[in-house]
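Please take the structure below and follow it through step by step.

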Amino acid sequence: MTHVIPGLSGFPLAIATKVRGNDPTLVERTVNSLIEPRRIKVSGQATDIRMSHVTMGLGHLFGVRHGAAIHATTAKPVGAYEVLVPLGGRLIGHTRDGEFQCEPGTALVYSPRDRLDTHWSEDCVALVLSVPEGKFMAFAQESRLPLGTPDIRFKPVMSLRQGGGRSFANVLGLICQESADPSSAFSCGVTTQSLETALLLALLLSQYAETAALPPSLAQSRQRYLKKALELIEARCGEEIGLDDLVGASGASMRTLQYAFMEQFGVGPMTYLKHLRLRRVHADLLAARAGSCTVGDVAARWGFYNGSTFARAYHRMFGELPSRTLAAPAP
């Protein structure tokens with residue numbers, strides 16, 4: 001498990017465990033009774049599900065492990081800021097800005113009016129912070145940061161290794177440690193407000209300090225480089241494409257292109273290409289009728305020729321083997 005969040009060992013907020021077992025509907029019902037309703041769809045058999053919960057003045061903090069790959073969605077746009085911090089495994093989130101992947105060292109952030117749409121890998125353990133929009137906006141207006149807009153929309157991926165993101169991780173770790181002790185100053189209400197204030201202030205800083213430090217011309221250039229690289233990927237997704245091809249098509253240096261992909265999607269360009277191809281395979285397998293094609297045929301169509309390597313990558317992303325997807329009845 002990650003050491004990015006200091007002081008954590010074992011399952012986070014274990015003393016505040018609310019759900020433990022193998023029934024995913026218990027997690028769904030418990031979460032839905034506390035924050036906005038969501039639907040949890042499990043891939044395979046869930047084992048050792050666990051959820052902990054701490055109520056704070058400004059929101060809710062959860063520790064979550066599902067014991068299986070899951071897909072969590074909301075029917076309506078959320079009305080809260082939700083920060084998902086993977087401690088192990090992987091999260092893949094979809095917002096109106098695109099698709100983003102987070103692993104330990106980064107956090108996935110949903111802003112109000114996003115629809116929550118998150119894939120959790122089978123081995124994913126995460127902390128989830130949920131702060132209602134009204135409470136967060138009231139806090140933000142009282143801060144001294146030059147926000148410049150009444151509508152605060154966060155970048156979907158936040159680094160926890162530097163700047164405000166590092167501060168956020170440090171305070172989050174302290175809150176988790178303090179919550180584990182019923183006699184701590186935090187649990188007794190003495191430092192609760194001050195630590196929550198520090199947590200949300202660090203969250204704001206992680207967004208606006210980085211934005212303010214980036215000249216508009218540089219940001220626009222990165223977007224142009226990214227757009228050209230994405231055009232090549234879309235045009236030749238099933239063909240052999242190397243990093244040199246993407247660098248040449250974009251006109252950027254390798255480092256600049258990698259940073260642009262990390263900033264936008266949370267992964268480098270070649271990982272982005274691999275995940276896109278896996279999603280294309282998944283879509284084709286879902287659309288195909290059993291017997292009309294083989295997994296190998298579809299995988300090769302999108303550039304996967306090593307069967308075992310492909311199957312492992314597919315299982316990590318979708319929580320099941322490609323042969324099972326092909327055999328599933330059409331929706």
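The sulfur of Cys124 has its closest cysteine sulfur in Cys102, 9.8 Å away, which is too far for a bond. A disulfide needs two cysteine sulfur atoms within 2.5 Å, so a gap of 9.8 Å rules this pair out. For Cys176 the closest cysteine sulfur is that of Cys124, and at 15 Å this is also too far for a bond. By this rule the model, which is a predicted one, has zero disulfides. Cys124 is buried, because its relative accessibility is 1% and the limit for buried is under 20%. Cys176 is buried as well, with a relative accessible area of 3%.

Next come the nonpolar cores. In soluble globular proteins, nonpolar side chains tend to be buried together. In this model the largest nonpolar core has 60 residues. The residues with the most contacts inside this core are Trp120, Phe261, Leu278, Val281 and Phe310. Helix α8 gives the largest share of the core, six residues. Another core, of 40 residues, lies apart from it and includes Phe11, Val83, Ala107 and Ile175.

What does Trp120 touch, leaving aside its neighbours within four places in sequence? Its partners include Val64, His66, Ala68, Ala69, Ile70 and Ala72. Leu84, Arg90, Leu91, Ala126 and Val128 are also in contact with Trp120.

Helix α8 can now be followed to one of its contacts. Helix α8 covers residues 269-287 and helix α10 covers residues 307-318; their axes come within 10 Å and cross at roughly 85 degrees. Angles from 65 to 115 degrees count as roughly perpendicular, so α8 is roughly perpendicular to α10. On the α8 side the contact is made by Lys274, His275, Leu278, Arg279, Val281, His282 and Leu285. On the α10 side, Phe310, Ala313, Tyr314, Arg316, Met317 and Phe318 take part. By type, the residues of this contact are eight nonpolar, two polar and three charged. Leu278 and Val281 of α8 and Phe310 of α10 belong to this contact, and these three residues are also among those with the most contacts inside the largest core.

Thr325 connects with several of these residues. Thr325 lies in helix α11, residues 322-327, and is buried at 1% relative accessibility. Not counting residues up to four places away in sequence, Thr325 touches His282, Leu285, Leu286, Tyr314 and Glu320. Of these, His282 and Leu285 of α8 and Tyr314 of α10 are also part of the contact between α8 and α10.

A second pair of helices can be read in the same way. Helix α6 (residues 243-250) packs against helix α7 (residues 254-265) at an angle of about 95 degrees, with the axes 10 Å apart. That makes α6 roughly perpendicular to α7. Leu243, Asp244, Leu246, Val247 and Ser250 are the α6 residues that meet Met254, Leu257 and Gln258 of α7. The residues of this contact divide into five nonpolar, two polar and one charged.

Two serines come next. Ser43 is in strand β2, residues 39-43, and is partly exposed at 24% relative accessibility. Leaving out residues up to four places away in sequence, Ser43 touches Ala68, Ala69, Phe318 and Gly319. Ala68 and Ala69 are also in contact with Trp120. How many residues apart in sequence are Ser43 and Thr55? They are twelve residues apart, and the distance between their C-alpha atoms is 29 Å. Ser206, in contrast, is buried, with a relative accessible area of 2%. Ser206 sits in helix α4, residues 192-213. With residues up to four places away in sequence left out, Ser206 touches Lys155, Met158, Gly164 and Gly165.

Leu13 is not a glycine, yet its phi is positive, at about 60 degrees. Leu13 is in the segment before β1 (17-21), and is buried with a relative accessible area of 5%. Arg113, also a residue other than glycine, has a positive phi near 80 degrees. Arg113 lies in the loop between β9 (106-110) and β10 (117-120). At 43% relative accessibility, Arg113 counts as partly exposed.

Technical notes:
Residues numbered from 1 in each chain as written. Predicted model: local features only at pLDDT ≥ 70, side-chain atom pairs only at ≥ 80, totals over all residues. Heavy atoms only, no water. Buried < 20%, exposed > 50% of the residue type's maximum accessible area, 1.4 Å probe, protein only. Axes fitted to C-alpha atoms, helices over the stretch in contact; angles between N-to-C directions. Helix = DSSP H or I, 4+ residues; strand = E, 2+ residues; numbered from the N terminus. Parallel < 35°, antiparallel > 145°, perpendicular 65-115°, else oblique. Contact = heavy atoms within 4.5 Å. Nonpolar A, V, L, I, M, F, W, Y, C, P; charged D, E, K, R; others polar. Core = buried A, V, L, I, M, F, W, Y, C linked by side-chain atoms within 4.5 Å.
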